[in-house]
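Here is a short briefing on one protein chain. Keep the sequence and the model open as you read.

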Amino acid sequence: MKKKSFAGLMAGVLAVSAVAVTMPQTVAAADVNPSIRMEGSVQSMVLSMRQVAGVFLAKYPNSAVHSITLKPDRGRFYYEVTGYTLKNTYTIQVDVITGNVIKEKSDKKEKDIPNKVFNPNNVIDPKKAESIAVANIGGDAISKGWKLEADNGKVQYEVTIYHNDETDGLVQQGVIMDAVTGDVITRTLPEKVVIPDEEDDGFILWGE
């Protein structure tokens, strides 16, 4: 892709991965978080995936989203968003309730950006992805976070699932799926979950 055409694609909007559409399209930050209303440092609702993408796009004009992750941290959750402008890579951590940016960093320019960005409006909702992943594992499976990422022109969810294994007890396993269709691609191998000591009361195993 020529530099001039790519600059036009990035200018003021979100670039779309080729997996979602046959021709490049763009989405403004306002389109991915139309209902978010901030009052001081307080917001009355938990941010959705599309709203947190809007937080990123509003903070970095002329940017595009590469990945969004919902991460548990000692019983609490935050979003981590990584994206690109023409000159830099940016990563922010966002409080899921207030929408406040709690951490941010920048890095060097990424290569092959058009194949590593996606449009949050063109993928299935995280709740649907979690439901598909839980059903794929079955039994007592429960979702404990997810990552949505574009690479090589494809957009995929990896949903982290906790469930009980007859041999290893509590394990975690990733279910990887096409983020546009919801089709399951593969599953990672189960890994044993180490439960912290009882005095570590900051850890909530199942959360909400």
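**Contacts and core**

Leaving aside neighbours within four places in sequence, Tyr79 is in contact (heavy atoms within 4.5 Å) with Leu47, Ser48, Met49, Val52, Ile68, Thr69, Leu70, Ile92, Gln93, Val94, Val96 and Trp146. This is a predicted model: local features need pLDDT of at least 70, side-chain atom pairs count only at pLDDT 80 or more, and totals for chains, interfaces and linings use all residues. Residues are numbered from 1 along each chain as its sequence is written, and side-chain values use heavy atoms, with hydrogens and water left out.

*Nonpolar core*
- A nonpolar core is a set of buried Ala, Val, Leu, Ile, Met, Phe, Trp, Tyr and Cys residues joined through side-chain atoms within 4.5 Å.
- Buried means under 20% relative accessible area (1.4 Å probe, protein chains only), exposed means over 50%, and partly exposed lies in between.
- The largest core has 34 residues; Ile68, Tyr79, Trp146, Leu148 and Tyr157 touch the most other members.
- Elements that give two or more residues to this core are α3, β3, β4 (76–84), β5, α4, β7 (142–151), β8 (154–165) and β9 (169–178).
- Helices (H or I, at least four residues) and strands (E, at least two) are DSSP runs, numbered from the N terminus.
- Helix α3 gives the most to this core, with 6 residues.

*Helix α3*
- In α3 (residues 49–59), 8 of 11 residues are buried.
- They are Met49, Gln51, Val52, Ala53, Gly54, Val55, Phe56 and Leu57.
- The C-alpha atoms of Met49 and Pro120 are separated by 7.7 Å, though 71 residues apart along the chain.
- Pro120 lies in the loop between β6 (101–107) and α4 (126–137).
- Pro120 is buried, at a relative accessible area of 0%.

*Aromatic rings*
- Rings of Phe, Tyr and Trp (its six-membered ring) pair if their centres lie within 6.5 Å; planes under 30 degrees apart count as stacked, over 60 as edge-to-face and the rest as tilted.
- The structure holds 4 aromatic pairs.
- One of them, Tyr60 with Tyr90, is stacked, at 4.1 Å centre to centre and 15 degrees between the planes.
- Tyr60 sits in the loop between α3 and β3 (64–73), and Tyr90 in strand β5 (residues 89–95), 30 residues apart.
- Both Tyr60 and Tyr90 are buried.

*Strand β9*
- Two strands pair if DSSP finds at least two bridges between them.
- β9 has 7 of its 10 residues buried.
- β8 and β9 pair antiparallel over 10 bridges, with Thr160 opposite Gly174 in β9.
- β9 and β10 (residues 184–187) pair antiparallel over 3 bridges.
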